[in-house]
Amino acid sequence: MARKAVRAEEKKAAATGSPAEGAGKEAPKKAAKAPAKKAEIKTSVCVQYLGKEIYEKDMIALVKKAWTAKKNRISDIRSIELYIKPEDHAVYYVVNGDFTGSLEL
């Protein structure tokens, strides 16, 4: 019989969410804090060479224009890699790891 009484007490404690032993003591609940949002760092890259300058955002815009000229959608771009060669007055690019090309600066 003692075994049934212990099980009944355990079930009752589980239903109320408090432990069977020390039933009079309840730990205060802490409010969950929302994680703080991290501020994004704004960056700007400019390449200057022999009196000319071009910004990264302008090079990316040119790559996107070349991408869409080949009947592709902007939403299909997952990555863009830029390789700038000032001595060639060109930027070489790789889109999504397989679409390559170059643009004159």
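Two residues are said to be in contact when heavy atoms of theirs lie within 4.5 Å. The model is a predicted one, so local features need pLDDT of at least 70 and side-chain atom pairs count only at pLDDT 80 or more, while totals for chains, interfaces and linings use all residues. Residues are numbered from 1 along each chain as its sequence is written, and side-chain values use heavy atoms, with hydrogens and water left out.

Start with the parts list. The protein has two helices and five strands, where helices (H or I, at least four residues) and strands (E, at least two) are DSSP runs numbered from the N terminus. Read from that end, the elements go α-β-β-α-β-β-β. Of the 105 residues, 17% count as buried, meaning under 20% relative accessible area with a 1.4 Å probe, protein chains only. The accessible surface comes to about 9400 Å², and 54% of that belongs to carbon and sulfur atoms; these areas come from the Shrake-Rupley method with a 1.4 Å probe.

Three strands make up an open sheet in the order 3-4-5, with antiparallel pairing; two strands pair if DSSP finds at least two bridges between them. Strand 3 (80-85) and strand 5 (99-104) sit at the edges with a single partner strand each, so one side of each has no neighbour in the sheet. From one strand to the next, the twist averages 20 degrees. Strand 4 (residues 90-95) and strand 5 pair over six bridges. Within this pair, Tyr 92 stands opposite Ser 102, and Tyr 93 faces Gly 101. The two strands form a hairpin with three residues between them, and Asn 96 in the turn has a positive phi of about 55 degrees.

Helix 2 (residues 56-69) lies across strand 3, strand 4 and strand 5, running at about 115 degrees to strand 3; axes are lines fitted to C-alpha atoms, for helices over the stretch in contact, and angles run from 0 to 180 degrees between N-to-C directions.

Methods: Buried < 20%, exposed > 50% of the residue type's maximum accessible area, 1.4 Å probe, protein only.
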